[in-house]
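Hello,

Here is the structure for you to look through. My notes on it follow below.

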Amino acid sequence: MNYSTLRGASYVLVHTPDMIEHNGTTQTTEKITTPDSPYLANLYDNLRSFEEVVNYAPNQTFIGNMDYHELKEIPQPWVHQSIEGKREGKFGEIMPELEFYGLLQIVDVFELVHLEESFAEKVREALSNHPLFKDDVKKIKEGKPLDWIEKDLAGNHAEGLYYDRQLVGCVSPAHQIDVNLNAHVMLENLVVKASGVLALRQLIAKHQLDPKEIDYVIECSEEACGDMNQRGGGNFAKSIAELCGCEHATGSDIRSFCAGPTHALITAASLVAAGTHKNVVLVAGGATAKLGMNGKSHVGKGLPILEDVLGGFAALISENDGVSPILRHDLTGKHEVGSGSSPQAVTTALIGSILEKAQLTIKDVDVYSVEMQNPDITKPAGAGDVPSANLKMIGAIGVLRKEIEKKDLMAFVNEKALVGWAPTQGHIPSGIPYLGFAAEDLVSGDKNRAMIVGKGSLFLGRMTNLFDGVSILIERNNGKVADENQQDLEELVKREVAQALRSFAANLSAE
């Protein structure tokens with residue numbers, strides 16, 4: 001069978017402390033319900049600096065400067081274990097808020113983003129030193145006077161942009177009546193686009209790709225762009241491709257809450273294997289709504305607000321080169337409508353079904369990448385260690401299948417478990433964070449198989465009570481590439497058989 005391959009992935013983080021107050025739903029909701037709350041009053045006392053964000057072990061793992069095995073050896077909570085990190089990583093980078101505001105204006109093609117005059121100059125100067133955006137600095141305009149921005153907020157319902165607690169810009173609404181194009185939604189969508197552009201440009205740079213050879217882009221975040229006639233119609237994918245030099249690409253958006261990226265991965269693998277496209281990119285930007293989502297729990301436990309970064313990623317799926325890990329599009333799992341929503345039912349559908357189909361045991365898969373949320377974030381919020389909990393459930397399936405003894409369950413978990421290193425940006429931690437390491441582990445490392453599992457909470461949309469999830473197996477490449485002559489022979493046989501069947505059907509009709 002002809003398989004597609006995983007060529008590599010990029011990961012980016014954007015430190016956005018001011019956006020926590022003004023755009024994270026926990027904080028904006030608190031302003032409405034309890035505007036005089038101590039949490040809001042002391043918010044900025046509980047924010048981390050850019051240096052602290054860079055010197056944080058999970059973040060360094062996310063961008064590839066620290067191996068996940070190294071992270072596992074560091075005592076938790078990691079927020080108390082400062083390391084010496086770097087802004088630039090093997091997989092991507094951590095960008096400060098100042099520069100990101102420049103990206104918002106660079107990706108804005110409808111002149112909705114406005115920066116204050118002196119702030120625009122600071123942004124222009126900062127981005128002029130960025131290797132991926134120095135040629136785009138001319139798109140950062142001269143800026144607006146502060147009083148113009150204040151009037152746009154007061155009279156035009158614009159959304160403010162803040163830096164160091166000062167108003168430095170705004171995003172204007174794209175329509176005066178359409179709620180799908182109001183300033184709040186436009187800011188969310190521009191953030192997705194900007195962080196997606198950052199991730200895709202990093203992928204192109206890190207892997208020395210020719211963007212003109214990318215022919216399809218799938219965007220798989222959780223936001224939705226459209227107007228009142230087709231809310232959520234898209235298309236983020238093509239808008240990101242446009243700003244990354246992908247001249248010959250088209251694309252579309254895939255949505256399924258947190259499971260979206262794994263749906264996109266399976267789709268990309270199938271498109272390439274079928275010969276529909278040669279080079280397919282997955283890309284996703286970050287979600288402002290989830291900034292500070294568990295902030296009250298963190299502060300209540302004496303921790304800083306840890307959800308202070310936007311996340312983004314991109315990955316390239318291409319034809320089989322005989323080296324890169326292969327994506328087994330024929331070995332996928334899915335949570336069906338009738339699967340049931342119990343943890344055991346979900347795990348059986350997503351994990352057990354693949355093992356059954358492939359005739360593998362639970363031990364034959366070296367890595368299970370399920371929900372890679374950082375436990376520093378989830379434990380104080382009462383959700384526990386999510387990756388560890390998933391591995392326990394997978395191990396329990398192994399016990400039921402009589403592939404491991406019950407007494408060996410925790411040994412299995414300790415051996416196989418990945419520690420979570422991804423920010424809780426919804427779709428960002430869902431299976432996908434391991435792809436960058438998979439591209440290495442399954443080529444030059446000691447791993448032979450990995451399973452990527454995405455889960456989604458469809459009930460959040462109030463359309464169904466159903467859960468969602470899909471999974472796919474990735475394997476070390478055996479070096480065998482489909483022989484073109486063999487493919488030609490197979491096509492010839494198929495044509496001859498089809499012709500014979502048509503002749504047979506015609507004879508039956510004649511009789």
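Does Ile305 count as buried or exposed? With a relative accessibility of 0%, Ile305 counts as buried. Please keep in mind that this is a predicted model.

Ile305 sits in the loop between α13 and β9 (309-319). Leaving aside residues up to four places away in sequence, Ile305 touches Ile20, Tyr39, Leu43, Asn46, Leu47, Arg48, Gly292, Gly295, His298 and Val299. Ala500 lies 195 residues from Ile305 along the chain, and 69 Å separates the C-alpha atoms of the two.

Now the protein as a whole. The protein has 19 helices and 13 strands. For 511 residues, a compact globule would have a radius of gyration near 24 Å, and the protein agrees with this at 24 Å. Along the principal axes, the C-alpha atoms fill a box of roughly 85 × 60 × 45 Å. Of the 511 residues, 56% count as buried. Among contacts with a separation of 6 or more, 73% are between residues 24 or more positions apart.

In α8 (residues 117-127), the buried residues are Phe119, Ala120, Val123, Arg124, Ala126 and Leu127. Seen down the axis of α8, these residues fall within an arc of 165 degrees, so they line one face of the helix. What does the buried side of α8 pack against? The partners are α7 (97-107), β3 (113-115), β4 (159-163) and β5 (166-171). On the face turned away from the buried side, α8 carries the exposed residues Lys122 and Glu125.

In α2 (residues 25-33), Thr26, Gln27 and Glu30 are buried. They cover an arc of only 95 degrees around the axis, which puts them on the same side of α2. The buried residues of α2 pack against α1 (17-23), α3 (38-41) and α13 (295-300).

Then a strand. In β8 (residues 279-284), six of the six residues are buried. Asn279, Val281 and Val283 point one way from β8, while Val280, Leu282 and Ala284 point the other way. In a regular strand the side chains alternate between the two faces of the sheet. Which strands pair with β8? One of them is β6 (residues 216-219), which runs parallel to β8 and is joined to it by four bridges. Within that pair, Val217 has Val281 of β8 as its bridge partner. The other is β9, which pairs with β8 in the antiparallel sense over six bridges. Here Val280 stands opposite Ile317 in β9.

Last, the cysteines. How many disulfides does a search of the whole structure find? The search finds zero. Cys220 is in no disulfide, and the nearest cysteine sulfur, that of Cys258, is 12 Å away. Cys220 counts as buried, at 0% relative accessibility.

Regards

How values were computed
Residues are numbered from 1 along each chain as its sequence is written. This is a predicted model: local features need pLDDT of at least 70, side-chain atom pairs count only at pLDDT 80 or more; totals for chains, interfaces and linings use all residues. Side-chain values use heavy atoms; hydrogens and water are left out. Buried means under 20% relative accessible area, exposed over 50%, partly exposed in between (1.4 Å probe, protein chains only). Helices (H or I, at least four residues) and strands (E, at least two) are DSSP runs, numbered from the N terminus. The arc is that of the directions from the helix axis to the C-beta atoms. Contact means heavy atoms within 4.5 Å. A disulfide is a pair of cysteine sulfur atoms within 2.5 Å. The radius of gyration is taken over C-alpha atoms; the globule rule is 2.2 Å times the number of residues to the power 0.38. Two strands pair if DSSP finds at least two bridges between them.
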